[in-house]
Amino acid sequence: MPATMAGIMRAILACVPAAPSSTGDGSLSAAFSSTCPGGGGEDRISRLPDALLADIVSRLPVKEAARTAAISPRWRRLRPSTPLVLDDTDIFDDFAEADDDDDGDTFGLIDWRALTNTLSRILSGHPGPFRCVHLTTACNYASARGGSALVRWLHLFAAKSIQELVLINFPNWPFKNTLPAEILRVASLRRLYLGLWDKFPDTNDLPSGAHVFPHLAELGFCKTDIKTKDLDRLLQCSPVLEKLALILCYDTPRNVRVRSRSIRCVLFWMSLADALAVVVAPCLERLILWNDCPGAWLGKDFRTRVKIGYAPELKVLGYLEPSFHVLEIGNTVIEFGTRPSPTTTIPSVKILALRVRFGVRKEAKMLPTFLRCFPNVETLHVMSAEADEPTGKLNFKFWHDVGPIKCLQSHTKKVVFKNFRGNRSEVVFLRFVVERAQLLQKMVVVLADGDPASEERVAAKLKTLACSTKRASRDSKFSILVRSSGGSDWSFRAASNLSKSDPFDS
């Protein structure tokens, strides 16, 4: 969990969508060099239809896009009719003043007034529509002293049918700026991410039954305070919302309730709450949970209750952590020894991810109970976490005495074990899986130290499992693959990518 302003900003920027103009070599010279070999010759790019040329212009940084007007009258006509794509970082450096102390920190030497005025001219001068606007540097100044500039921008966004908006109120330390209520009038939005706002506007005055965001498909809050009732109201007002992300939200909302007929994915990323409840979500497919807060920072007894009610299409769930989550299915709190029944199981889940401190006996003992709650799991991810204060490890006798677990007996085909350190408690768990999983085809063991030189040593150590006569799976293609992490850390963007069949597979 990042503690500094710079750390928080890096974490947020790693989660919010990248602006279209920043997803490649978005330069005019690059575009022309690709069609004019050697930088000369025939200008084949200008022969393209207007629709394709407009698409090219929309993918350029705003300064490069403006330069296209100098190419020819045809390009000059294209620019105003091309939907605006604006990322304020593309022009940020133009307003940096000289840094006399040479410490590399130019942030305090920005001419904020000139930057804000330039952005105002760009936004007011373009006839619309606005395809995408990312403001990650100028919001703090624009929202200060009454926020008149930001209010004007929000009116322009509403009038010019903006589709994607990212508003990060950086730097805002301590967090004091309130997001203007005008954000609730930008009805054309399809994707909205808000970051570092002290307070989200009150939704009490919204008309009952009104669809405030009739087109909104993706909504993200990054270190932004929003009350539970206002989040409830937003979900009601967004009839086609598919993705909800709460990122670094560890003050409010204290209770997250998911009631949505359209939502497909909820991401609770580095956030804290007393409860996360899926109440009614008939289309929910993924519930992604990720927490990297140290135990001492949270407090010894802090837990988040994860309650799953009506979610018949839920296929992907994790990372569930016995140290951090209290699982509740329907109205039953899952405790050690809870027996599986129709009211304590979720048969729709096919991909399950668990994060466990094998050095804490009480937590490791919850693994069989959790597995019994998901009888049809086909892919199981287990991440081993280090214990600050180990309290005893489970030996193989415990696992030997564990009763039947349906998913291992009849469904699990792949197991991925991450952060393997070679501890005996980890090895005996893998042995338990190998001797119980009757349909297991593949086991992947990812090393914690990321050292490729360790792969051969660990593979030799685990070879006895693959060749064991007690192996439950008779699949001739069964294998245990050992690999280093290779620096491919799990990320928010990977976890939130709905096109990936397994978001935990990095």
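Buried here means under 20% relative accessible area, exposed means over 50%, and partly exposed lies in between. With that in hand, welcome to this predicted model.

Let's begin with Lys307, which at 27% relative accessibility counts as partly exposed. Lys307 forms a salt bridge with Glu328, and Glu328 counts as buried at 9%. Lys307 sits in strand S11 (residues 304–310) and Glu328 in strand S13 (residues 325–329), so this pair ties together parts that are 21 residues apart in sequence.

Arg191 and Glu164 form another salt bridge. Arg191 belongs to strand S4 (residues 191–195) and Glu164 to strand S3 (residues 164–168), so the parts tied together are 27 residues apart in sequence. Arg191 is partly exposed at 26% relative accessibility, whereas Glu164 is buried at 12%. Both belong to a network of salt bridges that also links Glu218 and Lys243.

The count of salt bridges comes to 20; here are some of them, including the pair of Glu363 and Arg357.

| Salt bridge | N to O distance |
|---|---|
| Arg191 with Glu164 | 3.2 Å |
| Lys307 with Glu328 | 3.7 Å |
| Arg357 with Glu363 | 2.4 Å |

In that last pair, Glu363 is buried at 7% relative accessibility, and Arg357 is partly exposed at 21%.

Now for a pair of helices. H16 (residues 424–436) and H17 (residues 454–466) pack at an angle of about 30 degrees, with axes 10 Å apart. That angle makes H16 roughly parallel to H17, and their crossing is right-handed. From H16, Val427, Leu430, Arg431 and Val434 meet Lys461, Leu462 and Leu465 of H17. The residues of this contact comprise five nonpolar, no polar and two charged.

Key: Residues numbered from 1 in each chain as written. Predicted model: local features only at pLDDT ≥ 70, side-chain atom pairs only at ≥ 80, totals over all residues. Heavy atoms only, no water. Axes fitted to C-alpha atoms, helices over the stretch in contact; angles between N-to-C directions. Helix = DSSP H or I, 4+ residues; strand = E, 2+ residues; numbered from the N terminus. Parallel < 35°, antiparallel > 145°, perpendicular 65-115°, else oblique. Left-handed = near helix turned anticlockwise from the far one by under 90°. Contact = heavy atoms within 4.5 Å. Nonpolar A, V, L, I, M, F, W, Y, C, P; charged D, E, K, R; others polar. Salt bridge = Lys/Arg side-chain N within 4 Å of Asp/Glu carboxyl O. Buried < 20%, exposed > 50% of the residue type's maximum accessible area, 1.4 Å probe, protein only.
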